[in-house]
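Student: Could you walk me through this structure? I would like to begin with how the chain holds together overall.

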Amino acid sequence: MSPPIFHMIHGAPDPVAPFSHAVESDGWVFLTGQMPFAGTANDSPYPEGIEAQTRQVMANLSRVLEGCALSLADVLVCRVYLTHFEEDYAAMNAVYEGYFAPGRRPARTCIGVSGLARGARIEIDMLARRSQAS
């Protein structure tokens with residue numbers, strides 16, 4: 001087993017708590033949940049509405065993946081957290097599904113929660129796997 005690599009990605013939003021953007025071990029890359037910050041400062045404003053917040057979270061996660069020399073095609077599992085589950089579930093799915101090719105969508109869990117950092121409506125974390133060729 002290789003020692004873990006703790007990734008802090010330049011250009012990704014600053015963490016809201018003491019954690020790494022991603023941690024890698026033996027080709028497995030665990031991405032910390034991203035918030036919909038529009039900038040890199042963790043006090044940047046969130047875009048309005050679940051569609052825009054979902055797009056921003058996916059952009060932030062893509063930045064972290066790119067910083068680890070990975071892409072959304074390497075993602076195996078996602079967990080989605082929604083503070084307004086009933087209200088936002090369908091609209092979030094309409095945006096989310098565009099990021100993954102049909103037949104190549106990661107396993108996913110979607111959870112309704114009572115609150116997220118800084119009042120976000122959505123947070124998504126991911127598990128990716130580096131291919132053996134990487």
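Tutor: Please keep in mind that this is a predicted model. Of the contacts in the chain with a separation of 6 or more, 69% are between residues 24 or more positions apart.

Student: Which helices and strands are there, and in what order do the elements run?

Tutor: The chain has two helices and six strands. Starting at the N terminus, the order of the elements is β-β-β-α-β-α-β-β. The radius of gyration is 14 Å, close to the 14 Å that the globule rule gives for 134 residues, so the chain is as compact as a globular protein of that length.

Student: What does the C-alpha trace span along its principal axes?

Tutor: The C-alpha trace spans about 45 × 35 × 20 Å.

Student: And how much of the chain is buried?

Tutor: Buried residues account for 43% of the 134 residues. As for the accessible surface, the total is about 7000 Å², and 55% of that belongs to carbon and sulfur atoms.

Student: Let us turn to helix 2. Which of its residues are buried?

Tutor: Helix 2 covers residues 85–96, and its buried residues are Asp88, Met92, Asn93, Val95 and Tyr96. Viewed down the helix axis, the buried residues of helix 2 fall within an arc of 155°, so they line one face of the helix.

Student: Which residues are on the other side of helix 2?

Tutor: Glu86, Glu87 and Ala90 are found there, and these residues are exposed.

Student: You mentioned strand 6. Why is it described as largely enclosed by the rest of the structure?

Tutor: The reason is that seven of the eight residues of strand 6 are buried.

Student: How many bridges join strand 4 to strand 6, and how do the two run?

Tutor: Seven bridges join strand 4 to strand 6, and the two run antiparallel. One example is Leu82, whose bridge partner in strand 6 is Ile122.

Student: What about strand 3 and strand 6, how many bridges are there?

Tutor: Strand 3, residues 28–34, is joined to strand 6 by five bridges, and this pair runs antiparallel. Here Gln34 stands opposite Ile124 in strand 6.

Key. Residues numbered from 1 in each chain as written. Predicted model: local features only at pLDDT ≥ 70, side-chain atom pairs only at ≥ 80, totals over all residues. Heavy atoms only, no water. Buried < 20%, exposed > 50% of the residue type's maximum accessible area, 1.4 Å probe, protein only. Helix = DSSP H or I, 4+ residues; strand = E, 2+ residues; numbered from the N terminus. Arc of directions from axis to C-beta. Pairing = 2+ DSSP bridges. Rg over C-alpha atoms; globule rule 2.2 N^0.38 Å. Contact = heavy atoms within 4.5 Å. Areas by Shrake-Rupley, 256 points an atom, 1.4 Å probe, with all protein chains shown as cover.
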